Amino acid sequence: MIRAWSSTEVVAAERPMLDAGVPLMEQAAFALASHVTRALRRAGHRVPGSVVLLLVGGGNNGGDALHAGAHLARRGAQVHAALLTDRAHPEGLAAARRSGVRVHQVLEDGVPPTERVLGLARRAGVWVDGVTGVGAGGGLRHPVAEVVRSLAADRAGWPQEPMVVAVDVPSGIGVDDGTVPGPVLPADMTVTMGAAKPGLLLPPAAELAGRLEVVDLALPLPAGGAPAVCRLTSADVADLWPRPTSSDHKYTRGVLGVLAGSTTFPGAAVLSVAGAVRTGLGMVRYLGPPGATTLVHARHPEVVAVPGRVQAWVIGPGVDADDPGRAEQAQDAIEEALAAGVPVVLDAGALQLLPEDLPDSAVLTPHAGELATLLGSRGEAVTRDEVEAAPARHARLAAELTGAMVLLKGATTVVAGPTGPLYAQADAPPWLAAAGAGDVLAGVLGALLAPYGDRLQELLDSGEDVTAGVARLAAAAVVVHGEAAQHAAGLHGPDPGPGRPLSAGDVADALPTAVGQILA
Ligand SMILES: NC(=O)C1=CN([C@@H]2O[C@H](COP(=O)(O)OP(=O)(O)OC[C@H]3O[C@@H](n4cnc5c(N)ncnc54)[C@H](O)[C@@H]3O)[C@@H](O)[C@H]2O)[C@@H](O)CC1
Ligand SMILES: Nc1ncnc2c1ncn2[C@@H]1O[C@H](COP(=O)(O)OP(=O)(O)O)[C@@H](O)[C@H]1O
Ligand SMILES: [K+]
């Protein structure tokens, strides 16, 4: 699991080490130089002869860059430092000068800093972004903002080179909330110090961080709290997967009720059932109109289309909330699920039929547009664009307002409960942005929750942290769904290339392969 800690936590954890004289900056800078060296080699280059430009701000982030530049210069690189400040880290600057780094005070020579930096930048194969790190907030200010904006525009014109390496974080991101309040130079790699920061995992900033390398500084985390954001790996998913044993039968493996599909959207029923069945569970009970039931049976004859006991519910994919009969049926099912205390996934149409208060064993699965509508219905008027600009904050707000777990879908999917760490998963290729993919995800999540359904009340009674468990299962469903999309898009195996188009059905069909590979 990748754990991200807030900047406050990281700084608090560093303090006792710095007081004890641990040379954290030297360690950080050495690791940074090593990561740049390795990245150059991966790209088929050598350090001797490479031209590196350090973009240096006035704090310790610039200090990291200057010390790393000194290492790279000693290893034979031609290193230039563009000082975007008149107060560059003194020891870092001295070390850089001693090692032959050529220092350019770009704010003071009469030429506009943007032109001066672009002139240096265009001769370099590596840009090291040491402008700001965890000490800055609120977006980059003038004149640094203009410099970074022009560098980003210049970089966009050259897809391969230069390689951009961010020190700790891409300068200018919202370090703790993942927002992008102003210009940011997108990185190919971020070398982060001590622990990941929330903005490196949360959208939209996470999409500017590139490959993430965490430098272990043996910080005493948690200094005062829990990680702010977590990201599950396949190994974490394997650990929590409900593997069947010889003593299991279909009822112990979990029975999932699926209330999905309508005359208008019968396909959603097939896709959500497919997501569940192909993830693996004891049984699916399907409730829907006759046409949709026929379609479901044609693809999944094992599905039982009569009501009965279930351990979890998926309600809403393809349900038309404006159809009074169907809306009433969905509302009854929601009430029944909540009264029985079983987990329930509320997707699509069901998001318009929510009761006032929900438990955190209910998982809402909106995309950004649906979340904006949901928040509007709870008195928080926001647009889809506003949700997309700050997904973590809005997912958390919706969890607080409803009491439920909120799984906000997107290129990076965020899971937020009313309390506890957020999860941010970026497992899926953009090919997954296809109609019906969300229906499949609802089924996957239902299948993962069903085996725990009967034990939920027991766990609650025993004081177990159910929120944490449900959040982790929701994140695990996103991992599996994303992995299945990777398989469906042909992105597994050596040298996978750009991938290929997929349909939601292809994603469901790839689920057994994805699960098998995760468990292997
Ligand atoms: N404390 C330590 O010894 C360590 C610090 N580390 C590095 O130090 C960084 C934190 O250093 P600092 O606390 O000095 O802070 P930063 O270097 O992150 O930021 C402070 C600098 O940015 C400028 N600044 C602040 N807000 C700005 C804005 N909106 N626009 C433009 N400039 C802005 C300030 O004037 C100041 O020059 C970490 O991100 C990490 O890279 C690492 O070396 C690990 C050890
Ligand atoms: N750019 C993207 N990259 C990767 N995954 C994406 C991207 N955009 C959307 N997704 C994923 O695709 C799925 C789309 O779901 P959703 O919007 O609910 O579609 P539908 O309602 O048609 O099923 C979600 O799992 C979402 O996380
Ligand atoms: K930086």
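Modeller: Where residues are sorted by class, Ala, Val, Leu, Ile, Met, Phe, Trp, Tyr, Cys and Pro count as nonpolar, Asp, Glu, Lys and Arg as charged, and the others, Gly among them, as polar. Residues are numbered from 1 along each chain as its sequence is written, while chains are lettered from A and ligands numbered from 1 in the order in which they are written. This is a predicted model, in which local features need pLDDT of at least 70 and side-chain atom pairs count only at pLDDT 80 or more, while totals for chains, interfaces and linings use all residues.

Biologist: How do the residues of the shell around ligand 2 divide by class?
Modeller: Around ligand 2 there are 15 residues (C-beta atom, placed from the backbone, within 6 Å of the molecule), and those that come nearest are Lys-409, Ala-411, Ala-433, Ala-437 and Gly-438. Sorted by class, the residues of this shell divide into eight nonpolar, five polar and two charged.

Biologist: Which helix gives the largest share of the shell around ligand 2?
Modeller: Helices (H or I, at least four residues) and strands (E, at least two) are DSSP runs, numbered from the N terminus. The largest share of the shell around ligand 2 is four residues, and they come from the helix that spans residues 437-449, α16.

Biologist: Which element gives the largest share of the shell around ligand 1?
Modeller: Ligand 1 has 26 residues around it, of which Gly-58, Gly-59, Asn-60, Gly-133 and Gly-135 come nearest. Two or more residues of this shell are given by each of α1 (7-19), α2 (24-42) and α3 (60-74). Taken by class, the shell around ligand 1 holds 10 nonpolar, 12 polar and four charged residues. Its largest share, four residues, comes from α3.

Biologist: How far apart do the C-alpha centres of domain 1 and domain 2 lie?
Modeller: The domain assignment (automatic or from a database) gives the protein domain 1, covering 2-231, and domain 2, covering 235-489 + 501-513. The distance between the C-alpha centres of domain 1 and domain 2 is 39 Å.

Biologist: Which strand gives the largest share of the side of domain 1 that touches domain 2?
Modeller: The contact between the domains (C-beta atoms, placed from the backbone, within 7 Å) takes 15 residues from domain 1 and 16 residues from domain 2. On the side of domain 1 that touches domain 2, the classes are 10 nonpolar, two polar and three charged residues. The largest share of that side is three residues, and they come from the strand at residues 229-231, β9.

Biologist: In which loop is the place of Pro-143?
Modeller: Pro-143 is joined to His-142 by a cis peptide bond, with omega about 0°. Its place in the chain is the loop between β5 (126-130) and α6.

Biologist: Which residue does a cis peptide bond join to Leu-221?
Modeller: The loop to look at is the one between β8 (211-215) and β9, where Pro-222 is found. Here omega is about 0°, and the cis peptide bond joins Leu-221 to Pro-222.

Biologist: What value is phi of Asp-168 near?
Modeller: Most residues other than glycine have a negative phi. Asp-168, which is found in the loop between β6 (163-167) and β7 (189-193), is a residue other than glycine with a positive phi, near 70°.

Notes: Two residues are in contact if their C-beta atoms, placed from the backbone, lie within 7 Å.
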